[in-house]
Amino acid sequence: KRYNFKKEKRNYIVDFIDKQNKVIYEIKPNIRMKDKINICKESALKKWCINNEYNYKIITEDYFINNFTESNFNKLPNEVKQRMKCIYEKSKNKIN
């Protein structure tokens with residue numbers, strides 16, 4: 001997938017592709033969703049998906065906050081748990 005940003009053509013590498021179900025998953029933090037570069041990427045992704053009969057889903061930290069149980073969380077490697085805790089704390093502070 002290619003997209004233009006600041007008059008320059010760039011390659012776009014998606015995070016995950018589920019070829020069996022024809023779904024592309026992108027992981028983005030909420031804070032970056034409105035960045036111009038991510039808007040350009042999403043536009044390119046949307047066009048590619050239409051042309052190739054795929055769907056796409058953008059996953060933010062909200063997904064993890066709302067869907068992870070404590071038992072799922074405890075099965076993760078320590079490094080991942082630490083990063084997720086940090087994301088959770090940052091998002092919690094924005095709400096308050």
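Analyst: Helices (H or I, at least four residues) and strands (E, at least two) are DSSP runs, numbered from the N terminus. By that rule the protein has 4 helices and 5 strands, in the order β-β-β-β-α-β-α-α-α from the N terminus on. This is a predicted model, in which local features need pLDDT of at least 70 and side-chain atom pairs count only at pLDDT 80 or more, while totals for chains, interfaces and linings use all residues. Residues are numbered from 1 along each chain as its sequence is written, and side-chain values use heavy atoms, with hydrogens and water left out.

User: What does threonine 60 touch?

Analyst: Contact means heavy atoms within 4.5 Å. Leaving aside neighbours within four places in sequence, threonine 60 is in contact with Lys28, Asn30 and Met33.

User: What makes the approach of threonine 60 to asparagine 30 a polar contact?

Analyst: A polar contact is a pair of N or O atoms within 3.5 Å; within protein, one must be able to donate a hydrogen and the other to accept it, and residues adjacent in sequence count only if both atoms are side-chain atoms. The side chains of threonine 60 and asparagine 30 make such a contact at 3.4 Å.

User: How is lysine 28 classed, buried or exposed, and what are its partners?

Analyst: Lysine 28, in the loop between β4 and α1, has 14% relative accessibility and therefore counts as buried. Its side chain makes a polar contact with that of glutamate 26 at 3.0 Å. Beyond four places in sequence, lysine 28 touches residues including Met33, Ile58 and Thr60.

User: Which residues make up the largest nonpolar core, and what makes it a core?

Analyst: A nonpolar core is a set of buried Ala, Val, Leu, Ile, Met, Phe, Trp, Tyr and Cys residues joined through side-chain atoms within 4.5 Å. The largest one consists of 6 residues: Tyr12, Val14, Ile24, Leu45, Cys49 and Tyr54. Among the contacts of tyrosine 54 are Ile24, Trp48 and Cys49. In the protein, buried residues make up 22% of the 96 residues.

User: What lines the largest pocket?

Analyst: On a 1 Å grid over the protein atoms alone, a pocket is an open set of points where a 1.4 Å probe fits, with protein on both sides within 12 Å along at least five of seven lines; lining residues have an atom within 4 Å of a point. The largest pocket has a volume of about 440 Å³, a volume being the space filled by probe spheres set on the points. Of its 17 lining residues, the closest to the centre are Phe64, Arg83, Met84, Lys85 and Ile87. The largest share of the lining, 7 residues, comes from α4.

Key: Buried means under 20% relative accessible area, exposed over 50%, partly exposed in between (1.4 Å probe, protein chains only).
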